[in-house]
Amino acid sequence: MSDTINITLKVWRQKGPGDKGHFETIPVKDVVTHMSFLEMLDTVNEQLALEGKDAIAFDNDCREGICGMCGCLVNGIAHGPMKAMTLCQLHMRKFSNGDTIAVEPWRARAFKVVKDLAVDRSALDKIIQAGGYISANTGGAPDANGLPIPMEIAEKAMDAAACIGCGACVAACPNASAMLFTSAKVSQLALLPQGRPEAAKRAINMMRTHDACGFGNCSNERECEAVCPKEIKITNIARLNREYIKASIGSDVM
Amino acid sequence: MQLESKIPAGPLTQKWTKYRGDQKLVNPANKRKYTLICVGTGLAGSAASASLAELGYNVKTFCIQDSPRRAHSIAAQGGINAAKNYPNDGDSIWRLFYDTIKGGDFRAREGNVYRLAEVSADIIDQGVAQGIPFARDYGGLLANRSFGGAQVSRTFYARGQTGQQLLLGAYSSLSRQIATGKVKMYPRREMMDLVIVNGKARGIIVRNLITGEYESHAGDAVLLCTGGYGNVFYLSTNAESCNVGAAVKCWRKGALMANPCFTQIHPTCIPNSGDFQAKLTLMSESLRNDGRVWVPKKKGDTRRPNDIPESERWYYLEEKYPSFGNLVPRDVASRNAKYVCDAGHGVGPTGYAVYLDFSQAIQRDGKDVVQRKYGNLFDMYLNIVDDNPYETPMMIYPASHYAMGGLWVDYELQTTIPGLFALGECNFSDHGANRLGASALMQGLADGYFVIPYTIAPYLASIYGEAGSVTEDHPAFKETTKQVDALFKKLTSINGTRTPDSIHRELGKVMVDEVGMSRNEAGLKKAIDKIRELREEFWKNLRVPGSLNDYNKNVEKAHRVADYLEFAETLAIDALERAESCGCHLREESQSEEGEALRKDDKYCYVAAWEYKGFNQKPELHKEPLVFENVQLTQRSYK
């Protein structure tokens, strides 16, 4: 069961946002195919540590595909070759002996490289801060069953709410747009009756912040949908556009 | 030291009401004079930061990840309990209280647990108002399910992502307060020490994980919401960055560490497959509803499971516990898995796994039914293990999952250091010796949304004249920073041959073998010696490459492992001192004639709170007796 393979990593090394960066070639021997991709990087780092060399910096945390902290381009594809999967869930058995694997950070104007494979995704937080919430102070909420919500609507909202904010959609988009990310939150809250009072303001403010952060526009390439580990659908972008147009034309918030 | 729990007087059902009626308030116009420091942005930290900022306090919030949305609360799958009684099946605040305190094996305070049950319903209301898409029935009302053996359906859920949705709800409220400027958010910071001025918590030193700089932050109170210490076992279901550091630093400064030996071991995790493994993945316990647990009768049997005939399979749970069978509680399932593996019957590459077999369920109900129930879990297993559980039995093994112990707090969630509060998993307060399924989310949010906004007020009112009086230029900050810097310089100057991870892995093995689900005096003493040796090895032979002034995971891990090496010994000492079987743990000397866990209420019905006495010194035990006026203490039986 525990087969091993030899691979060659071409890893992006960059000291910080000001550094130019370069690919470093690291041959890795006897990779147990049961390892996850990140465990493979762990063993490379353990080896680098023993040689007194600087570890490859990469962000990760839960290692079960839900926190959204990990992610990089593996052979040019965000989160690697598997569909609906974060990088931490990718296993080395998906590679073959002798493979050369290129590993790069998310590349987007709005995501500055922090170091090596780690990038600054705080722009995504800024988009949420611009309106990705319902203004409901703690306390005083009405009874949870006070407002029935059709099951299909709740399910659609849940589909959108599954976004983990990893930024793969941005990395995959030729325009480095964060429209899929933004639309997931706008959709979730626009679908639910609790979110309607602020829907117009939310769509306008989140999109303005999206643009101001340096994300590009959506030109329907659908690359985002293809790499999204949570399979967030591009129909959410259509809903965002509808919400945005409605807000721009028919509401008082403009 | 006298431990004062500050449980309000009066009947149990009136304590929280009375407390809220009697407590001092801070005038709305004065709230803006206070700055509160909140460390951690899981359910407790995000909820507290948002709620306190909504009230008008200035809040500075810190998290270790790149965004507050990534805290490990996000990984909770199952659900959240609340005494709503929507299904009309007999639930009530009292029943949730009773189930929780009984589930905790009567090692928690009645007053705390009752309050938790009381505010549970408000959490669901709050979540729905925030736009959390909980599961609903066809009529549009909220759906409930029974969880973890509860006899009522009181668990609310959002697919298998309840923790994620609740955390993102709290994160959205937090984000709104960040936008208003009432919360100042500091991501990628790790707390390095607590700053105490005139005996009161007045600030923290954090390390910027990108630049390595130390930063001082002053405030009028410090709220620790930093989660549990499950990673002391190295392999656990916790995230990479979960650590005990912040709590240990406060412990060294005088806060007490309570019941550290109460940790929860979850029976249905995907087993370890080699030394490279960084974490264990939890699968929902619901799998045991239809799966049958077995191991080969022959020791060291290396045949593939499907080649082992029925007569040579040992269904040890069904045999030992005929009435509960594969559905025995978590701790019983966990330790029996350990026993059969220790005895040489284990399977898989390490010999530390047992089979969970669905062939009978598939035969009985058809593959479709099984797929509908467990499809996502089977897919997850297939991806990680590369084996198809529809065709060959799954392999499972227990893993550390949750920490019931933590910093000692009173009813107001205040530690023994005035002005230092601990919320959520990082305190010890509500789950006793064992936590019920779907109760972790409930406690984190209860503390953050509905308890701390009330219970912090009396302290803040008491220091009114001093609000904002301590700033970052106070000498205590400089002094503490100097100590932190000295520690890091020491860690990076040893230049030995061992990485922090390799020592952590060894520590984990000691903890799992001797201090985990089943323990005895000799083993615990051995473990304590071994931990001391490892600590010595660490300070003699550590190697931390790379720069201090940089994004450097080796530096981060090094000081976390240093903290684990100190904390682990106290955990083992606590386990040694508590010579009873309690909650998740079997103390081998304390068993009934049938070999079942025996609690000893006459001797150990107390909270064990440990005071730090210095490096390499034995901590001092303080006992808070537990008084039960409303419930009868009963022993469990699963025969």
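In chain B, five strands make an open sheet in the order β11-β15-β14-β12-β13, and the pairing is antiparallel. This is a predicted model: local features need pLDDT of at least 70, side-chain atom pairs count only at pLDDT 80 or more, and totals for chains, interfaces and linings use all residues. Residues are numbered from 1 along each chain as its sequence is written, while chains are lettered from A and ligands numbered from 1 in the order in which they are written. Helices (H or I, at least four residues) and strands (E, at least two) are DSSP runs, numbered from the N terminus. Strands pair if DSSP finds at least two bridges between them.

**The five-strand sheet of chain B**

- β11 (263-269) and β13 (313-314) of chain B stand at the edges with a single partner strand each, so one side of each has no neighbour in the sheet.
- Strand β12 (residues 292-296) and strand β14 (residues 354-357) of chain B pair in the antiparallel sense over 3 bridges.
- B:Val293 has B:Leu356 of β14(B) as its bridge partner.

**The three-strand sheet of chain B**

- An open sheet of 3 strands runs β6-β7-β8 in chain B, with antiparallel pairing.
- From one strand to the next, the twist averages 25°.
- Strand β7 (residues 200-208) of chain B pairs with β8(B) in the antiparallel sense over 5 bridges.
- B:Ile204 has B:His217 of β8(B) as its bridge partner.
- Helix α14 (residues 475-492) of chain B lies across β6, β7 and β8 of chain B, running at about 135° to β6(B).
- Axes here are lines fitted to C-alpha atoms, for helices over the stretch in contact, and angles run from 0 to 180 degrees between N-to-C directions.

**Domains of chain B**

- Chain B is divided into domain 1 (265-398) and domain 2 (475-625), with bounds from an automatic or database domain assignment.
- The centres of domain 1 and domain 2 of chain B, taken over C-alpha atoms, are 31 Å apart.
- Their contact takes 7 residues from domain 1 of chain B and 7 residues from domain 2 of chain B; two residues are in contact if their C-beta atoms, placed from the backbone, lie within 7 Å.
- On the domain 1 side, helix α9 (residues 330-342) of chain B gives the largest share, 5 residues.
- By class, that side of domain 1 of chain B has 2 nonpolar, 1 polar and 4 charged residues.
- Ala, Val, Leu, Ile, Met, Phe, Trp, Tyr, Cys and Pro count as nonpolar, Asp, Glu, Lys and Arg as charged, and the others, Gly among them, as polar.

**Chain A**

- Chain A has 8 helices and 7 strands.
- Its C-alpha trace spans about 60 × 40 × 35 Å along the principal axes of chain A.
- Of the 254 residues in chain A, 54% are buried.
- A residue is buried if 20 or more other C-beta atoms lie within 10 Å of its own, exposed if 12 or fewer, and partly exposed in between, with C-beta atoms placed from the backbone.
- Among contacts in chain A between residues at least 6 apart in sequence, 72% join residues at least 24 apart.
- In α5(A), 13 of 13 residues are buried.
- At 1.5 Å a residue, the 13 residues of helix α5 (residues 179-191) of chain A should span 18 Å, and the end C-alpha atoms are 17 Å apart, which agrees; the expected span is 1.5 Å times one less than the number of residues.

**Where chains A and B meet**

- 64 residues of chain A are in contact with 62 residues of chain B.
- Elements giving two or more residues to the chain A side are α1 (37-50), β6 (113-115), α2 (122-129), α3 (151-161) and α5 of chain A.
- The largest share of that side, 6 residues, comes from α1(A).
- By class, the side of chain A that touches chain B has 32 nonpolar, 18 polar and 14 charged residues.
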